Amino acid sequence: MSLWKRLLDLAGTAFHHAQHDAEPADPCAPDPGDMEFAAAVVALAAKMARADGKSTLDEAAAFRAAFPIAPDERPMFDKLFALAQETVHGFEGYAKRIGKRYVAKPCLLEDVLDVLFAVASADGAITEGELSYLTRVAELFGFTETEFARISAPYFPDRAPDPYTILSVSIQASDDDIRKAWTRCVAENHPDKFIARGAPIEFIKAAHEKTAAINAAYEQIKASRKQKMRASNSPESGGSRMNPTNVYQNAPAGS
């Protein structure tokens with residue numbers, strides 16, 4: 001059973017197995033029995049739905065899709081969701097507590113952001129108010145602007161994200177460092193990893209989108225570097241062989 005589902009089913013006793021029945025520790029899971037975390041995630045999602053001044057049934061449904069809730073517990077969570085979404089005020093306190101408690105588990109905090117993005121995009125588009133909310137939550141979670149740009153990129157397919165940002169590397173990075181970053185990012189976001197964790201379908205869907213964005217960024221960087229190398233060695237450029245690092249140092253972001 002998914003650790004996420006256990007948490008939101010409030011099945012506290014499910015975390016007190018005998019040692020031989022214990023499941024392997026999940027580095028991206030909340031602490032066993034952390035009901036405050038469960039309540040905070042529900043509140044953040046509910047307030048996310050209110051960030052653009054209105055809430056829709058699609059947004060509430062998106063949250064339920066991300067976190068399957070046991071039928072007998074649904075009335076309680078529906079009540080909490082409705083109460084929390086009456087106003088956007090107070091969300092910073094929830095975000096601060098989660099960010100502080102799980103500062104050593106950035107993958108868990110990224111999972112929470114994915115849930116909030118799913119709620120925000122459920123009604124068709126992410127508004128400026130919702131993006132501002134998400135940006136602030138990410139800041140309180142301890143994510144940098146570059147990290148937030150990487151996390152948010154799959155949710156804005158109409159934009160052209162900087163491929164170096166997607167891989168979390170500098171434009172001056174060597175080809176070998178680029179390849180290592182690509183390998184690391186794919187490993188961290190591969191859908192199989194989320195399937196093994198028993199993550200909800202919305203998380204697995206997000207993992208597919210992120211992996212596709214990571215692969216596209218890597219291919220874009222490789223193609224751009226090859227093109228610049230050919231241009232620097234062409235007769236028109238004098239045939240000089242420039243240091244690749246210098247070639248890319250002055251290249252515009254996203255090239």
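**Entry 1: α2 against α6**

I began with the contact of two helices and found that Phe37, Val41, Leu44, Ala45, Met48 and Ala49 in α2 meet Leu108, Val112, Leu116, Val119 and Ala120 in α6. Contact here means heavy atoms within 4.5 Å. Helices are DSSP runs (H or I, at least four residues), as strands are (E, at least two), numbered from the N terminus. The classes put Ala, Val, Leu, Ile, Met, Phe, Trp, Tyr, Cys and Pro under nonpolar, Asp, Glu, Lys and Arg under charged, and the others, Gly among them, under polar.

I note that the model is predicted: local features need pLDDT of at least 70, and side-chain atom pairs count only at pLDDT 80 or more, while totals for chains, interfaces and linings use all residues. Residues are numbered from 1 along each chain as its sequence is written, and side-chain values use heavy atoms, with hydrogens and water left out.

Two packed helices are described by the angle between their axes and the distance between the axes. I read that the axes of α2 and α6 (residues 106-121) come within 9 Å and cross at roughly 35°. Axes are lines fitted to C-alpha atoms, for helices over the stretch in contact, with angles from 0 to 180 degrees between N-to-C directions. The crossing of α2 and α6 is right-handed; that is, the near helix is turned clockwise from the far one by less than a right angle, and left-handed would be anticlockwise.

**Entry 2: Val137**

I looked up Val137 in helix α7 (residues 128-141). Val137 has a relative accessible area of 0% and is therefore buried. Buried means under 20% relative accessible area, exposed over 50%, and partly exposed in between (1.4 Å probe, protein chains only). Apart from neighbours within four places in sequence, Val137 is in contact with Leu44, Phe91, Ala95, Leu113 and Leu116. Val137 and Met48 stand 89 residues apart in sequence and 9.9 Å apart in space, C-alpha to C-alpha.

**Entry 3: Cavities**

I found 2 cavities of 30 Å³ or more. On a 1 Å grid over the protein atoms alone, a cavity is a set of points where a 1.4 Å probe fits but cannot get out, and lining residues have an atom within 4 Å of a point. Grid points are joined across faces, edges and corners, and a volume is the space filled by probe spheres set on the points.

The largest cavity has a volume of about 70 Å³. I listed Arg150, Ile151, Ala153, Pro154, Ile166, Asn189, Lys210, Ala213 and Ile214 as its lining. These divide into 6 nonpolar, 1 polar and 2 charged residues. α12 gives the most to the lining of the largest cavity, with 3 residues.

For the second largest cavity I noted a volume of about 50 Å³. Glu36, Phe37, Ala40, Arg97, Ile98, Arg101 and Tyr102 line the second largest cavity. α2 (35-50) and α5 (91-101) are the elements that give two or more residues to this lining.

**Entry 4: Lys210**

I followed Lys210, placed in helix α12. Lys210 counts as buried because its relative accessibility is 7%. Not counting residues up to four places away in sequence, Lys210 touches Glu110, Asp114, Ile151, Pro154 and Asn189.

**Entry 5: Ser168**

I checked Ser168, in the loop between α9 (163-166) and α10 (175-189). Most residues other than glycine have a negative phi. Ser168, although not a glycine, has a positive phi of about 60°. Ser168 counts as partly exposed, at 36% relative accessibility.

Key
On a 1 Å grid over the protein atoms alone, a cavity is a set of points where a 1.4 Å probe fits but cannot get out, and a pocket is an open set with protein on both sides within 12 Å along at least five of seven lines; lining residues have an atom within 4 Å of a point.
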